[in-house]
Amino acid sequence: MAVRPAVLFVCTGNICRSPLAEAAFRVAARRHGVEGLVDSAGTGDWHHGEAPDRRAQMVARRHGLDIGEYRARRVEVADFRTFTHIVALDPGHLKILDKRRPIDSTADLSLLLDHVPGREGEGVADPYYGDARAFDVTWIDVCQGAEGLALMLARVAAP
């Protein structure tokens, strides 16, 4: 029996990239019949309990998704056992996660864009200090990564 995937997307403060990746993955997973736990978190707790950045909410809303109920949180040690896949949004996040990873971790760590052929090792650009156009670029990146990840998980789950 295959293990249901549990995917955690991680960026810096959990208000821009990771909530957008979570939303994009929910859509891609549904389209490919992948069912499981999906969440997002940040490497830091600067925005703990806050809703996603208004610009992130706007780009999601333009694509028919409401992420206004999402709340920022920090990655916890338990996440490394709860989630089967912890997906970092850039190489810096991946490095932090690898350092925090407990010895009994059961999660696979990867970069989101590792799941896009030709983009392996790349990070999703941080739109926080940019304008609304920067969030559009981030949306495209997270959608491509989410699609690749959902396809990989669908293949793994196939009999």
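Reader: Thanks! Which helix does T82 lie in?
Author: Some ground rules before that: this is a predicted model, where local features need pLDDT of at least 70, side-chain atom pairs count only at pLDDT 80 or more, and totals for chains, interfaces and linings use all residues. Residues are numbered from 1 along each chain as its sequence is written, and side-chain values use heavy atoms, with hydrogens and water left out. Helices (H or I, at least four residues) and strands (E, at least two) are DSSP runs, numbered from the N terminus. By that scheme, residues 79-82 form the helix that holds T82, namely helix 3.

Reader: Is T82 buried, exposed or partly exposed?
Author: Buried means under 20% relative accessible area, exposed over 50%, and partly exposed in between (1.4 Å probe, protein chains only). T82 has a relative accessible area of 45%, so T82 is partly exposed.

Reader: Leaving aside neighbours within four places in sequence, what is T82 in contact with?
Author: Contact here means heavy atoms within 4.5 Å. With those sequence neighbours set aside, T82 touches A6 and L37.

Reader: How many residues of helix 1 are buried?
Author: Among the buried ones are R17, L20 and F25. The cover over them includes strand 1, strand 2 (37-42), helix 2, helix 4 and helix 5. Helix 1 is largely enclosed by the rest of the structure, because the buried count out of its 15 residues is 11.

Reader: Which residues touch the most other members of the largest nonpolar core?
Author: A nonpolar core is a set of buried Ala, Val, Leu, Ile, Met, Phe, Trp, Tyr and Cys residues joined through side-chain atoms within 4.5 Å. The largest one has 34 residues, and the members touching the most others are F9, L20, F25, L89, L112 and V142.
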